[in-house]
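Here are a few notes to go with your first look at this one. Have the sequence and the 3D view open while you read.

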Amino acid sequence: MLQMKTHYPDATRVEPSHRRTLAIIVDNEPGVLARIAGLFSGRGYNIESLTVTETEHEAHISRITIVTTGTDSIIQQIKSQLERLVPVHRVVDLTLTGEAVERELCLVKVVGKGDHRVEAMRLASAFGARTLDATLTSFVYELTGTTDEVERFIKLMTAVGLVEVSRTGVAAMARGAEGM
Amino acid sequence: MSEMMTGAEMVIRALQDQGVDHIFGYPGGAVLPIYDALFHQEKVRHVLVRHEQGAVHAAEGYARSSGKPGVVLVTSGPGATNAITGLADAMMDSIPLVCITGQVPTHLIGTDAFQECDTVGITRHCTKHNYLVKSIEDLPRVMHEAFYVAQNGRPGPVVVDLPKDIQFKTGSYVRPLSNQHKTYRPTVKGDIEHIRAAIELMANAKRPVFYTGGGVVNSGPHAATLLRELVRLTGFPITSTLMGLGAYPASDKQWLGMLGMHGTYEANLAMHECDVMINIGARFDDRITGRLDAFSPFSKRIHVDIDPSSINKTVKVDIPIVGDCAHVLEDMVRLWRQGAHQAEKVALKDWWGKIEGWRARNCLGFRNSTETIKPQYAIQRLYELTKDRETYITTEVGQHQMWAAQYFRFEEPNRWMTSGGHGTMGYGLPAAVGAQLAHPNALVIDIAGEASIQMMLQEMSTALQYNLPIKVFILNNEYMGMVRQWQELLHGGRYSQSYSESLPDFVKLAEAYGGVGIRCDNPGDLDAKILEMINVNRPVIFDCLVDKTENCFPMIPSGKAHNEMLLNDYLGETGADIGSVIDEKGKMLV
C-alpha cells in the first residue's frame, strides 16, 4: 500500500477491546439524550445498548445505562467526555465496580402450528419465559435475563417461527450494599 | 426582590447584571424584541457586524484580549447557521462566549417555519452547552447559567436559543447568584498529592522542559505571573503552543520559542530529548506531537489541565493534575519554595548546553533580500516598529499565521489572538474589531494573507462604522501559501486551485470602504510605510507584496517525529556553514 500522504499523525496501535456497562446519572432536561448519543456518534464510539428513564421524578434525574465496547483508554475517554457534559452528574463503570447485575427484557412473537408450536412452548418454559398473549397460531413471550440468555432464547425461537422481537436493552446495578 | 419585565428586557438586564458592555450582533425577525429593548438603554453597546460569523469572531477577539466573556446576538435560521463556524472555533480554542439566537415562536417550532432551524440540535456539537428557552420562568436562570457555564471549568461557547413569543412574554426577573448552576462544579484545585509528586519529579529532573498552552492564558494574568515565577525558580527551559504565546515573555533567555509543526528546532528537540515534561494547560494537539509513537520517548510527563478528558486522550501521562492552571501553579510555587527544592544544577547546566547547541542552528534564519520583501522580514520589522506600544495581534490562518507566531515576539498574555484548533480563515479581521473595542487606545493589527482576508473582508465596514483604527497587514504572495507548501511537499508541486487569481486592488478596496490603503513592494520602503500605517488613526489595509515562493520553516513533515524536522533549505539542505549563515543574516537584517 502506498504511504498515505497526510499531515496528520498515523493511527495509534490497536489494543484489545472490552465490553463495558456504564451507568450515567443526568439531569432529565430536553436534549440530554441527544447530547449523549451525539457524543458517541461524533467521537466514533459504539453503543451496543442504551436504556433510559427518569428515576427520580422530584429531582428530574434520569439514569442512563449504556453498554459499549472499546479499549481501556477509549473507555476512559468516554467516561471523561461524558462527565464533561454540563447535565451529567456522574458516570460509573459498572463493569469495573465488580460483577454488576445486568438484565434485559425481551418480547418475542412466534407463529406456528403443530410441532413448532409445541416446541416453542417447551422452550419458553425451559427458559422461564412468561406467556403474555396467545392465539391458536401464535404466542407472545416475555423473557427477562442477561443479554446472553436473551440472545440464546431468540436464536432458538427463530427455528420455531419467530416473527417479531422487541428488547429493552440492558438495565444494570452494582452488587453489594453500596448505593451509587 | 424580583421585577416584572418582558423576556427581551430580561435578556438586556441579564447582560447588564453580568457586566457586559459590548455585544456583537446582527438583527433579524426573530430577535427584533431584543433589539427594541437594546434601543431603550445605554449600558450595553451593540456592535453591528456585517456577517454573523464576524460577530462571533469579534466576540472571540474581545474575550481573548480582555479576559471577559464575549457576547453575540443573532437571529434565527441563517443568523444561527452563519454563527456556527465561529462557535466551533471558540469551542476548539476554549473561548468563553454567550451567543443568543432568536428562534421562531414556540408554537411554530418543528413546522419548518420561515427562518426556522434546529439551532440547539445544530449547535450541540460545537458548543460547550446550549439551551432552548421554552418558558419565561426559565429565562433569567438560563441567561445567568449561560455566563456561568461559559466561564467556569474549561471555557467555551454557550448558546441560548430564545423563541420570539418568550421575548414578548412578561415574567419576573431574578438577579444572578454566585454559584449559578445546580450541579456543574468543575474542579479548580489540583490534587495536592499529585502536585507534590510532580514537584518531586521536577526536582530530580535532569532534562526538564515546560510545555505550556492556552490554558495558562485562559486562567488569567495571575496564572502567567505564577508561571513566570515557577520557571524562574526552577531554571527550566520553557516552550509553548500557538495558543499559549505571551504567557511567558519571548525576550527571556529561558524561552525556547513555540513548539510543534512550525515550532523552533530547539523547542522541538528539547521536547524530544527531555526526561521530564511539565505540560501546563496544553492538550497534546496533533500539531504539537507529530508522530505519536515517537513523541518525547524518554520523558515522564506531568499534565495540568482543567478538563479531565484532555488527560490521557492521545498521550499517556505519568502525573495527571486536574485543576485550573493558576491554582495548580500557586501550589507548585509554594511547594517548590517550601521544600527548598533545587533543580539538579549540574545536569541542568549540561541540558542547557545541549539546548544552546540547538539554538545555535538559528532555525528561524532566512536569506533576506534587497529586491523582494521576505515575509519573515516583514513580520520582524512590524515587531520592531510596534514593540514599544501596547500592541494586540490577530491573524488569519496559513503561512502568515505561522510567520507571525515565529517572528513576532509576545511579552504579555492576551496580546495574541489566533484561530488555533479550528484553523478558521477569516478569523483575524473580526477578531481585531473585537480586540480594538476592548482596548480602544491600543494598536491592533491583523496579520493576514491575501486569501484569508477575503473570507471576512466585509468587517472592514464595521471597523469604519465604529471608528476602530485596526490595521490589516496582508502578506500578499498571491497564493494560498500553506496549501501551496503542502502541495509542494505531498503532491509533486501540482498547484491545484491554490493560486489567488483575480485579486482585488487592496489599496483601492481600503479606500472604497473609507479606510486607508498602503502598498509596499520594496524592502527599502517597508519601515517608512509601516510607520505610516501605525500613525494613521483610521482603519488601514496594508498590502505587503512579499516573495511569492517563500515557505514556512522549520517544519515537522508528515508522519515524522520532533527530531526529524525540516529546516529552511538555506540552513539544512544546502549544507551551508552555520557560522557564516548567522553572519550573513546579521549583515542583511540590520
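**Notes on the fold and the cavities**

1. Chain A has a radius of gyration of 21 Å, whereas a compact globule of 180 residues would come out near 16 Å. That radius is taken over C-alpha atoms, and the globule rule is 2.2 Å times the number of residues to the power 0.38. Along its principal axes, the C-alpha trace of chain A spans about 65 × 55 × 30 Å.

2. A word on the basis: this is a predicted model, where local features need pLDDT of at least 70, side-chain atom pairs count only at pLDDT 80 or more, and totals for chains, interfaces and linings use all residues. Residues are numbered from 1 along each chain as its sequence is written, chains are lettered from A and ligands numbered from 1 in the order in which they are written, and side-chain values use heavy atoms, with hydrogens and water left out.

3. What is chain A built from? It has 4 helices and 9 strands, in the order β-α-β-β-α-β-β-α-β-β-α-β-β from the N terminus on. Helices (H or I, at least four residues) and strands (E, at least two) are DSSP runs, numbered from the N terminus.

4. In chain A, 39% of the 180 residues are buried, meaning under 20% relative accessible area with a 1.4 Å probe, protein chains only. Of the chain A contacts with a separation of 6 or more, 72% are between residues 24 or more positions apart; contact means heavy atoms within 4.5 Å.

5. Now the cavities: the structure holds 2 of 30 Å³ or more. A cavity is a set of points on a 1 Å grid over the protein atoms alone where a 1.4 Å probe fits but cannot get out, and lining residues have an atom within 4 Å of a point.

Conventions:
1 Å grid on protein atoms, 1.4 Å probe; cavity = no way out; pocket = protein on both sides within 12 Å on 5 of 7 lines; lining within 4 Å. Points joined across faces, edges and corners; volume = space filled by probe spheres on them. Buried < 20%, exposed > 50% of the residue type's maximum accessible area, 1.4 Å probe, protein only.
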